[in-house]
Every structure is written in C-alpha cells, then in structure tokens.
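Hi,

Here is the structure I said I would pass on.

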Amino acid sequence: MTWLVPLLVLVPLLGAAVALGLLNHQKLQRAITVVVLVVALAVAATLMVLVDQHGTFVVQVGGWDAPYGISLVVDRLSALLLTVSASVLLIVLLFSIGQGLAADDGEAPVTIFYPTYLVLAAGVLDSFIAGDLFNLYVAFEMLLVASYVLITLGGSEQRVRAGTTYIVTSLIASAIFLAAIGLVYGATGTVNIAQISERVAGLPEHVQLLLHTMLLIGFGIKAAVFPLAFWLPDSYPTAPAPVTAVFAGLLTKVGIYAIIRLETIIFPRPQLNTVLLIVAILTMVVGVLGAVSQTDVKRLLSFTLISHIGFMVMGVGLGSVAGTAAAVFYTVHHIVVQTTLFLVSGLMERVGGTTSTRSLGGLLKAAPLLAALYLVPAFNLGGIPPFSGFIGKLGLFRAAAIDGSPLAYATIAAGVVTSLLTLYALMRVWDAAFWRPKPAAEAAAPHASVAEPHAHLRSPEPAPLTVSEETGKAFHPGGSVTVTDAPHASRASRPETAPTATQGGVGEAPTHVRLPRMLVGVTTVAVLGSVALTVVAGPLYGYATRAAESLESPDRYVQAVLGGDR
C-alpha cells in the first residue's frame, strides 16, 4: 500500500492544475477542490491505520534508492498530522464556500483561490512526508507562494502590507534554512534525514552545534516561537476568516513538526534542550501577555496561538517519550481548536460587522447558537477539564514533573499562568461581545449604505462606525449583514443574513440574527470535532505515545528508510 503515499502530494497538485484550467467555471473548480481534499483525507486516514499496524511506509521516488533519490516517509507522527491536516483543510474549504470567499464574480480575483488553496494543501502534506531536507525546503516554498496569494486576497492596502511582512519574514527563514541545508550537505555529504542521523554524531561538537542552531532558527521562525514570532499578529488577522483559520491551524504546526524531527531524528542528543525550555517559557508568557492586551478578537487569537506554541516546544525540550507524546497530542488538539476559534471569529465578524470588542455587543441575544459555538472551544483552549486542552497540558506537566529539574518546574509554572490568562482573555471577549449590550454609539449610528456594488474597491472610511476599520466590511446596525471583501464583491449589494426581529432600543442588539446555514453547520462540525478529541483522548494519546516511542528510537526510522542491517 506504499503507492498511497505519493498521492498525498500528486492529487492536490493535479487538482490545482485542473482547477487553474477552469477559471471560468467556478462551480467545477469548487467541486474538484472538495473531491481532492476528500481523497486526501481518505488516503491519510488509511495510512494512519496501516502505519500503526505495519510500521513506517517509505517510497523511493523514481526507483532511486536512498540516499540518492527522494524519500517519502510516513510514520505514526506523519500519518497522524496528515489526517488532522486534511480534515482541517476540508472543513475550512467548506466554510469558505459558505462564506462566498470564492464567489462567482468575473471581476474579483477569486478564480485563483481554489488552485492556490490546493497548492497550499500539497505543501502542508508534503512537509509531513518529506524524507530529506531539500524536499522539506521545497514544501516550505510551496506553502510560502500559496500563502502569500491567499493572505493578500482582495488586494486591500492592509492585506498587501501584512502580506509583505509575512513574505519578507518567510524568505529570511527560507534563506537561513537553505544555508543550513548547504552546510549540512558540506559536513555530512547528504541531505537525507536518515543518513544525516547516522553521520552527524561523527562531526565535531562545534559543527553539530552550528548546524543544529541554524536549522532550529529556520524552523523556529516558521513555528512562531519567541523572539521569532513578531510577524504573526500583524499578518494573520487581516486575511479573510477561512484563510486565517487554516494559517493558524496548520502553518505554524509545520514548523513544530520540523522541530520535532530535528530534535528526535537528526540531533537526538539533548544538545539544546535547555534552550528549548527557556524559549518555551518565554513564548508562553510573552504570547499570552500580548493576548490580554488586545481588543480585537483576531489579534487576540493570534497572540494565543503564539503562547500555545510554547506548550509544544516545552514537550519537545523535555527530551523524553512522555514529553514528546504530550507535545504530539497537544499539537493535534491545538490544530483543531485554534482553527475552530478563528472560524467562530469569522461568524462574529459577520454578525457584528467587526472583530473589535469595543464595537461588538449583544451577540448572546442576537445569535445564541454563536455564543455556544464560541464558548466550547474557548474553554478547551483555556484548559478547562475535561476537554482535550486540559488533558494535553496535564500530560505536559506530568512529563515536566518526571524530569524534576528546576527549569522543568519553571515551565509548569509558566504553563499554569498561561492557561489562566488565556481563559481570562477569552472570557473577556465573551463578556464584551456576547454578554454586554451593544455600545450605545454603535447602535445609534446612522444606517450605512452597502448597496454600492463596488464599494469594496475603495479603502474603508474611518467613519461612520458601521464600517469595520479592521476589515473593510460594512454592516447594518439592525442586524442585516453584507460582506464586501473583494473575493465576493458581486454579492455586496444584497444582504447575506437578515434579522428575524426588529432592532431594539439604543444600545441593544437585534433580538435574533439568522446566520447562513452552511457557515453555522461547518462551524458546528468543527466545534464537535474539538469535543471529539476529548471523547477519543485515550486512544489518541496512546497513538501519540507510540509515535513518540518510535521517534525516541531513531534507528527504526533509519532502518526503514535506508534498509539493511543497521
């Protein structure tokens, strides 16, 4: 069944090529993209079961034996992240279809959305199966090209500026990574991860440290660890909700995956574990302090994303099976929950016309289901028992307690503080957006006209308050919402949602807002998926532990890739 492995990259790339050839047939583009991601999910889930039963799957592309050819490798860690990533990619795609992100509008630059999204999917999936550093670099570049297109979709000034910051930072990371690959090849004569693992121990200590540090810096920028995470809060919030959701859920986790491989297969010795634990503490604390100070929901979630990357780095830095297993489990948890929260923030923006907590209010009365959809993943991310966030953090704290060092106990303290402040920040959003009445000035503002078909082509006016300063989306104070992002400009002249009751008095939100069924349905599925992680936490944690045990024995990986008696 090893023939399934290349399909994870080939099918999305072929789908992207076909979708690109159907620029004037967006319904066909949409259907092809959905089918491709369903196939990718089926292949990933099948591999997850087979790898757990039969061991690591390896494909030598073109029949060239390693280390001369390109090796594609799927072990338990790869298979688990492939399955979760394919699920998230499919869910976010369905949300974007419901939102009208790629609407039927010949004037808007949306015909490239579906093929670009499939290239992004190919890059994510290729990252998880790359068996050599150069193939991993190629996967990163696919991600970079596709993500830059998606983050600037619509062409607004804010998005282009954010996209510029994102691409400059990513290019710096890529340059560091590429330089590190050159040095690794010069020192070991190979870029195959398995063969590097065999040869690196024979290098002088200072050479190992240089190679290790450069690779860790390159991957650390991708993962958004402190102090290399400065780019993320300014880049992610400006993109459309589905794009932000998939970025937050997956792109930083590709960096975490690379760090796990680096610390367990390439450099299995605890050379930089102390540095990783210090970085984990700083990432957690600085990230969550940034979240507490935010008044915009998307920026707040971006800072919580940074802070919770620290939990994953903590597990890797402990350098034990228990720590790695907890890090793998927490990575899966965070992919699902963080993506879900960004999808919910998209619905909040659709109802309230903004993601600023200074302008939101009364959403509990206007959209009670939305209130529940926010609260469940918020509790989960905050680590409230019995959710998967609590289970993952408990596993990390237990691994740190087993380690017993003062630095390990410091990570526990930082983790507890981060969890409490995360919950505080998320509940403050609940209070401002859902529980508190809508601000009087906001509710009493004159109704803004959103009927102009091409109003999205102009920069948003700073006034009246019925135009979101963050996103350029106009909204009706009475609850009728019209999204005017460039990707769905053709629908800007007619409301997407409508209130089921008239607006109340000044300072009150409409009694009820009807949300698009598909958006609510997809977001509900995402929320239920985050809850399902708690239901299957036992088997999932067991799988993560088996994956960690394999990672802590690099000889298994080496033998699977290179073969022979090793």
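Leu77 sits in helix H3 (residues 76-99); helices here are DSSP runs of H or I with at least four residues, strands are runs of E with at least two, and both are numbered from the N terminus. Before going on, note that this is a predicted model, with local features needing pLDDT of at least 70 and side-chain atom pairs counted only at pLDDT 80 or more, while totals for chains, interfaces and linings use all residues. Residues are numbered from 1 along each chain as its sequence is written, and side-chain values use heavy atoms, with hydrogens and water left out.

Leu77 counts as buried, at 1% relative accessibility (buried is under 20% relative accessible area, exposed over 50%, partly exposed in between, with a 1.4 Å probe and protein chains only). Not counting residues up to four places away in sequence, Leu77 touches Tyr257, Ile260, Arg261, Val328, Ala547 and Leu551; contact means heavy atoms within 4.5 Å. Ser550 is 473 residues from Leu77 along the chain, yet their C-alpha atoms are separated by 8.8 Å.

**The chain overall**

The chain has 21 helices and four strands. Of its 566 residues, 61% are buried. Among contacts between residues at least 6 apart in sequence, 78% join residues at least 24 apart.

**Helix H13**

H13 (residues 321-352) has 32 residues and reaches 46 Å from its first C-alpha to its last, close to the 46 Å expected (1.5 Å times one less than the number of residues). In H13, 30 of the 32 residues are buried, so this helix is largely enclosed by the rest of the structure.

**Asn380**

Asn380 belongs to helix H15 (residues 368-382) and is buried, with a relative accessible area of 0%. The side chain of Asn380 makes a polar contact with the side chain of Ser388 (3.2 Å). By polar contact I mean a pair of N or O atoms within 3.5 Å; within protein, one must be able to donate a hydrogen and the other to accept it, and residues adjacent in sequence count only if both atoms are side-chain atoms. Leaving aside neighbours within four places in sequence, the residues in contact with Asn380 are His333, Val337, Phe387, Ser388, Gly389 and Ser530.

Cheers
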